[in-house]
Amino acid sequence: MGFREYRVGSILFGVALSTSMMITMFMPSLDISSVSSTSVALQKQLTYGKNNGFDYGDLFLQGHDKPIKVILKKDPKTGAAMDETAAYVFKAGTSFPSGLVHDHILGDDVQALSVSVGKIDQANEEQGGVFLVRASVKGGVETPYIEFATATRGWSSQATLAAAEETILSGSGKTMFIREGCWWCHTLLPEQTHDWQSFGRPPLLGDFNGESPTTFGSDRKAPDLLHVGSRNSSKEWMMLHFFNPRLVQPHSIMPRYDYLWGGKDAKGNDIDLAKWDEEFKAYRAGDRVYPPEVPEYTADSEIRMLIDYVLDLK
Ligand code: HEC
C-alpha cells in the first residue's frame, strides 16, 4: 500500500521535472523580438534613447546622453503652421536607442517601413538629428514607423529646438526615476484585472521592444504610474508632492525629494530647507494658517527632469 503511494508521487515528480526542463529548453526558441513594435514602443525608444541606468554614457546617473522630446506647432524649416506634433531631437553624439542601431528590434514590417519611407538608415549618432513616430494605414491595418525628419524634411536639431512650443526632458527623467528607486513602491504595469478601472490600459507585448530597462517594478506599495500623466497633469501638484508629499497627502509614506531642486530656486536664491521645515512643523502644529511655499525649480534641475517624465506617462 505504502509503496504504491510512493510510485504515484515519483511519477508526478517526474512529470513536473520533465515539463519544467522542456520549458527551459524550448522557450528560448520563441523569438520574442519577432513581435512588432507598437507606436508606444517607438515613442519610448525615441524619448528615452539608449539604456537608462548604469552606462558609460552616464556613469553617475545624472540624466546625460539623452534625447530631448519637443512639441511642435510649426514646421521648423518653413515656419508653416502644422498640427501639434511630438518630435525627438538627438543632438550630435547622443546615443541612439537599439531600434535605430540594430535591424531586428523593431519587427520586420516596422523596420522595413522605417527604412523605405522613414529613411532611418541615413541617420548616425555622430551627427544626430530629429525623429518622428508616424503610422501608415493599409487595408485597415496600421503599421507604425520611425521617420528621420532630418533626411525627409530637412529639420535640423537646432532649428527644431528653436521652433519648440514645449521641451520635455523625460529621457533624463527616466534616469532619475531609476536612480531614486521610485520602483521600490510604484509599478508601471497595470494588470489584467480591475486595475483597468483605476490605472488604465495594461501594456501590450510590443510596447517594450528596445526599452532597457523596463520599469515594471516588482511590488506595489503605491499607485501604478503607467498612465499617471493622464489622470493628474498638474505640474504644481507634482511640485508640492515631490518637495514634501505630506503637503498634499498628510499620511503619505512617500519620501521627500526636495534635494532634487539642487539647492537653488528659479531666481537663483539658496533654498533654506531648515527654515522650510520649521515653518512646515509650525503649520502641522496649527501655529500657521498656510504651509510654507515650495520654491520654483530651475530649468536644468533634476526635479524638472523627473516631473517631465512623470507627466509624460500618459
Ligand atoms: C516608500 C514608497 C514610495 C517611494 C519610494 C515613492 N513613492 Fe510615490 N507614492 C507613494 C505612495 C504611498 C503614494 C500615494 C500617497 C501619496 O500621494 O503620497 C505615492 C504617490 C505618488 C504619485 C501620485 C500618484 C497618483 O496616482 O496620482 C506620484 C506621481 C508618485 N508617487 C511618484 C513617485 C516618484 C517619481 C518617486 C521616485 C522619485 C516615488 N513616487 C517614490 C509611495 C512611494
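This is a predicted model: local features need pLDDT of at least 70, side-chain atom pairs count only at pLDDT 80 or more; totals for chains, interfaces and linings use all residues.

Biologist: How many of the residues of helix α2 are buried?

Modeller: A residue counts as buried if 20 or more other C-beta atoms lie within 10 Å of its own. In helix α2, residues 39–48, eight of the ten residues are buried, so the helix is largely enclosed by the rest of the structure. The buried ones are Ala41, Leu42, Gln43, Lys44, Gln45, Leu46, Thr47 and Tyr48.

Biologist: Against which elements do the buried residues of α2 pack?

Modeller: Their partners are the strands β1 (68–74), β2 (81–90), β3 (129–138) and β4 (141–148), together with the helices α3 (98–101) and α7 (170–179).

Biologist: How should I read the sheet, and what is the order of its strands?

Modeller: Strands of a sheet pair through backbone hydrogen bonds, in either a parallel or an antiparallel manner. Here five strands form an open sheet in the order β4-β3-β2-β1-β5, and the pairing is antiparallel. At the edges stand β4 and β5 (166–168); each has a single partner strand, so one side of each is left without a neighbour in the sheet. On average, neighbouring strands of this sheet are turned by 30° against each other, direction ignored.

Biologist: Over how many bridges do β1 and β5 pair?

Modeller: These two strands pair over three bridges, in the antiparallel sense. Lysine 69 stands opposite isoleucine 168 of β5. Helix α2 packs on the sheet, where it touches β1, β2, β3 and β4, and its direction makes about 175° with that of β3.

Biologist: Into which domains is the protein chain divided, and how far apart are their C-alpha centres?

Modeller: The division gives domain 1 (39–172) and domain 2 (177–311). Their C-alpha centres lie 27 Å apart. In the contact between them, 20 residues of domain 1 meet 15 residues of domain 2. On the side of domain 1 that touches domain 2, α2 gives the most, with five residues. The residues of that side divide into nine nonpolar, ten polar and one charged.

Biologist: Finally, which residues come nearest to the ligand?

Modeller: Of the 22 residues around the ligand, the nearest are Cys182, Cys185, Ala222, Ser252 and Met254. By class, this shell has 15 nonpolar, five polar and two charged residues.

Key
Residues are numbered from 1 along each chain as its sequence is written. A residue is buried if 20 or more other C-beta atoms lie within 10 Å of its own, exposed if 12 or fewer, and partly exposed in between; C-beta atoms are placed from the backbone. Helices (H or I, at least four residues) and strands (E, at least two) are DSSP runs, numbered from the N terminus. Two residues are in contact if their C-beta atoms, placed from the backbone, lie within 7 Å. A residue is near a molecule or strand if its C-beta atom, placed from the backbone, lies within 6 Å of it. Ala, Val, Leu, Ile, Met, Phe, Trp, Tyr, Cys and Pro count as nonpolar, Asp, Glu, Lys and Arg as charged, and the others, Gly among them, as polar. Domain bounds come from an automatic or database domain assignment. Two strands pair if DSSP finds at least two bridges between them. Axes are lines fitted to C-alpha atoms, for helices over the stretch in contact, and angles run from 0 to 180 degrees between N-to-C directions.
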